[in-house]
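Reader: Please take a close look at the aromatic pairs in this model. I would like one connected account.

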Amino acid sequence: MRKPNLGILFKPASYDCNMACDYCYYRYAGNLYPGVDRPRMTPAIFEAACTQYLALEPSEIKFGWQGGEPTLMGLDFFRQVVEIERTHARPGDCFGNSLQTNGVVLDDEWCGFLAANRFLVGLSVDGPEDLNRLRHFPNGRPAFDVTMRALELLKKHDVEFNILVVISKANVDHPRRVFQFLLENDLHYSQFIPCTEPTGQAGAVSEHSITGAQYADFMIELFDAWVENDDPTYYVRRIDNWLHLFFGLPPECCEYRGDCSNLVTIEWNGDVYPCDFYVQERYLLGNVRQKTLEQMLSGPVFQDFVRRAHKLPPVCEGCEWLACCHGGCYRHREKLGIDRDGVPYLCEAKKRIFSHVFGTLAEIKQQPARPELHAFLNRIGREVEAGRMGAQTVPRSPAPGRPVARRTPGRNEPCPCGSGKKFKHCCGRRVRTAR
């Protein structure tokens with residue numbers, strides 16, 4: 001089996017965290033490991049997963065480190081990770097490591113290591129201090145100042161990083177304030193995910209979650225603020241994916257690809273699940289100590305998950321936005337208890353967003369009222385028309401026993417994804433395993 005596009009999300013410390021954010025979706029994972037107060041992945045578990053993954057011949061090696069809080073593993077663990085990667089690297093391999101963190105333990109030594117080993121760091125912060133109130137320590141102490149200290153350390157050491165904003169009840173009414181926070185702190189790379197945590201009742205979400213209408217309002221207003229800023233160097237992951245869709249290019253985010261088959265989550269003890277939103281006993285694929293990843297991906301649990309995730313509800317049939325939405329993220333259907341005949345949780349929101357965004361982009365492309373974005377969009381348009389952007393090559397099977405040659409582009413070379421950007425400003429720094 002070859003899985004050229006597969007990425008792995010490691011949970012080396014599982015649910016364990018040094019913070020206690022009100023909206024955390026992963027704390028429930030502790031129910032899978034009763035009596036385990038300090039879950040920690042061993043280097044041997046990582047090495048087993050790494051070798052099994054490489055056997056699948058990925059065209060781009062994508063390792064995400066999340067939690068809980070992955071830095072609780074300590075710096076020595078990640079030094080061992082890097083050494084294991086170097087030991088098993090094939091000719092031309094480049095390991096892409098991304099680390100999502102709250103920044104609490106980051107110091108000069110940590111940031112020096114992350115920069116030297118080209119980790120891409122995602123730092124969690126939800127905007128200005130008052131909008132960040134759901135992020136705090138177990139004793140209730142706000143985490144904002146600690147996060148901002150970590151941000152300055154990342155800048156000091158020239159670590160590649162972006163900002164992860166959770167859209168919750170705390171900040172959903174203030175999209176422009178959140179965007180202004182990014183501008184004021186010179187934060188050019190960000191991503192936004194909606195808080196839509198289930199309660200166990202069909203269609204119901206937690207008290208800190210947002211409605212579909214609120215999500216649409218927030219993202220449309222955020223997009224409008226981005227347009228008014230007229231500076232395409234501010235990269236917002238969802239906006240970037242919308243640009244791809246607008247120009248008929250393949251999006252990067254699994255949510256817009258309708259593909260649930262190219263990411264697996266590996267827990268601290270080697271347990272493997274199809275997605276970190278589905279770390280539940282019934283979705284357990286196996287353990288890397290007893291089965292290979294190839295066996296698990298070929299097995300009935302994973303195949304059934306993918307089949308059900310890709311089966312669209314009737315409401316999607318004939319929808320003008322189906323090619324952009326693909327029915328949305330599976331968790332906004334199944335995890336929220338919405339049956340196949342129901343309407344996905346963010347369905348109407350996405351219709352509003354796509355209509356507004358695509359209409360606005362078409363206007364900007366035609367009229368120079370926003371000169372920087374106007375030039376940016378038309379430059380992309382010319383590249384697409386000339387066939388110089390978005391071209392997809394079909395991977396050829398290598399001869400038996402021969403390694404596939406892979407060369408990492410130089411930082412100033414064109415990104416191989418076809419975006420037209422330099423590698424350092426595109427796939428060389430983005431989180432590719434994030435949802």
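**Aromatic pairs and their setting**

Author: Of the 435 residues of the protein chain, 55% count as buried (under 20% relative accessible area, with exposed over 50% and partly exposed in between; 1.4 Å probe, protein chains only). This is a predicted model, in which local features need pLDDT of at least 70, side-chain atom pairs count only at pLDDT 80 or more, and totals for chains, interfaces and linings use all residues. Residues are numbered from 1 along each chain as its sequence is written, and side-chain values use heavy atoms, with hydrogens and water left out.

The protein chain has 13 helices and 10 strands. These are DSSP runs numbered from the N terminus: helices are H or I with at least four residues, strands E with at least two.

Now the rings. Rings of Phe, Tyr and Trp (its six-membered ring) pair if their centres lie within 6.5 Å; planes under 30 degrees apart are stacked, over 60 edge-to-face, and the rest tilted. By this rule there are 34 aromatic pairs. Take Phe46 and Phe63: their ring centres are 5.7 Å apart and their planes stand at 85 degrees, so the pair is edge-to-face. Phe46 lies in helix α1 (residues 43–54) and Phe63 in strand β2 (residues 61–65), so this pair ties together parts 17 residues apart in sequence. Both Phe46 and Phe63 are buried.

Trp65 and Phe77 also form an edge-to-face pair, at 6.0 Å centre to centre and 80 degrees between the planes. Trp65 belongs to strand β2 and Phe77 to helix α2 (residues 75–88), so the pair ties together parts 12 residues apart in sequence. Trp65 is buried, at 0% relative accessibility. Phe77 is buried too, with a relative accessible area of 5%.

The rule asks for NZ of Lys or CZ of Arg within 6 Å of the ring centre and within 35 degrees of the ring normal. Lys11 lies over the face of Tyr26, at 3.9 Å from the ring centre. Lys335 lies over the face of Tyr278, at 5.1 Å from the ring centre.

Finally, contacts along the chain. Contact means heavy atoms within 4.5 Å. Among contacts between residues at least 6 apart in sequence, 71% join residues at least 24 apart.
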